[in-house]
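Open your viewer and get ready to select a few residues. We will go from ring to ring, and then out to other parts of the model.

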Amino acid sequence: MKVIVTGGKGLLGTSIVPVLRGYFDCAVYDIDEWDITSELAGKKMFDLHHPDVLVNLAAMTDVDGCEDKAALAERSNVEGPAVLAGLCSAFRAKLVHISTDYVFDGEKNSPYREGDEPRPQSVYGRTKLAGERKILERDINSTIIRTEWLYGPGGTSFVDRIVAIARTRGHASVVNDQQGSPTYAGDLALPLVRIIERDLTGIYHVSNNGSCTWYDFAKAIFSILRMNVEVIPISSAELGRKARRPSYSVFDLSKLRRDTGIEMRNWMDALEDYLTRAP
Ligand SMILES: NC(=O)c1ccc[n+]([C@@H]2O[C@H](COP(=O)([O-])OP(=O)(O)OC[C@H]3O[C@@H](n4cnc5c(N)ncnc54)[C@H](OP(=O)(O)O)[C@@H]3O)[C@@H](O)[C@H]2O)c1
């Protein structure tokens with residue numbers, strides 16, 4: 001099966017592409033070679049590869065940056081998916097698109113299911129939701145995978161940032177009023193493979209199991225790395241980031257479990273494995 005991956009050289013792509021290559025014939029691109037907002041570039045790539053599946057990882061992912069650059073966020077996160085949906089329709093390819101927990105407002109206090117009403121609180125969340133809708137409103141074979149709190153070797157994530165802060169300052173102030181599920185980027189690979197192989201459609205929530213706050217996440221990182229760091233719990237208001245984040249965005253993973261048979265591992269097991277594995 002021929003698979004094209006767009007935005008494939010970022011955090012998520014770096015971890016999942018090597019696994020995808022074990023199952024499919026993959027061509028991987030990023031913005032330097034293929035801007036997904038360009039219909040012309042897309043058509044050339046579809047003419048070249050004739051893919052069965054397009055996996056879109058491309059997005060403007062700087063959540064606070066999106067607040068200042070809403071037009072740019074709109075292009076990559078809304079127009080880009082719309083262009084890809086048009087191409088997949090014309091070439092009869094399946095479109096698998098990655099989205100985010102930030103489509104939710106965080107007001108729920110039990111795990112979010114795929115059918116729960118989204119109500120984004122930020123430009124990033126709003127544009128990612130609009131991107132989902134551009135795809136779902138087309139009559140094409142498509143799957144939306146929402147994920148959250150990613151880390152991995154392919155980009156700068158919370159894990160790298162908090163370790164760097166602790167190394168310079170010896171302490172770290174970390175938000176303790178947002179709860180979610182830290183997710184190792186590589187753990188998305190198998191769900192993605194199953195979704196493609198079984199030709200599943202619609203929305204799927206995919207994250208590591210269990211949940212914590214960013215404060216708990218930081219404590220776990222320092223504990224695994226045996227770093228003696230004072231971790232100070234603070235509120236989102238104290239941190240004062242530009243974009244509002246959901247205070248609760250844990251996913252219900254039962255649809256994934258039912259349709260793929262995959263039981264995602266606990267976030268702490270994945271984190272320990274990632275931090276202690278030889279590079
Ligand atoms: N990271 C997370 O915690 C997280 C959580 C939930 C969902 N997601 C979703 O997961 C997907 C992958 O995220 P990631 O963390 O791997 O992000 P990433 O590291 O920023 O990778 C995304 C890649 O897409 C590229 N890109 C941006 N606009 C593009 C365009 N118009 N055309 C082609 N490529 C473009 C980026 O290039 P530049 O770097 O030059 O912009 C980057 O290389 C995204 O859809 C994101 O919304 C991520």
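Rings of Phe, Tyr and Trp (its six-membered ring) pair if their centres lie within 6.5 Å; planes under 30 degrees apart count as stacked, over 60 as edge-to-face and the rest as tilted. By this rule there are 16 aromatic pairs.

Select F158 and F217: these rings are stacked, 5.0 Å centre to centre with 25° between the planes. F158 belongs to helix α6 (residues 158-169) and F217 to helix α8 (residues 214-224), 59 residues apart. Helices (H or I, at least four residues) and strands (E, at least two) are DSSP runs, numbered from the N terminus.

A word on the ground rules: this is a predicted model, where local features need pLDDT of at least 70, side-chain atom pairs count only at pLDDT 80 or more, and totals for chains, interfaces and linings use all residues. Residues are numbered from 1 along each chain as its sequence is written, and side-chain values use heavy atoms, leaving out hydrogens and water.

Is F217 buried or exposed? F217 counts as buried because its relative accessibility is 1%, where buried means under 20% relative accessible area, exposed over 50% and partly exposed in between (1.4 Å probe, protein chains only).

Finally, select S173 in strand β7 (residues 171-175). S173 is partly exposed, at 40% relative accessible area. Its C-alpha is 5.9 Å from that of P233, 60 residues apart in sequence.
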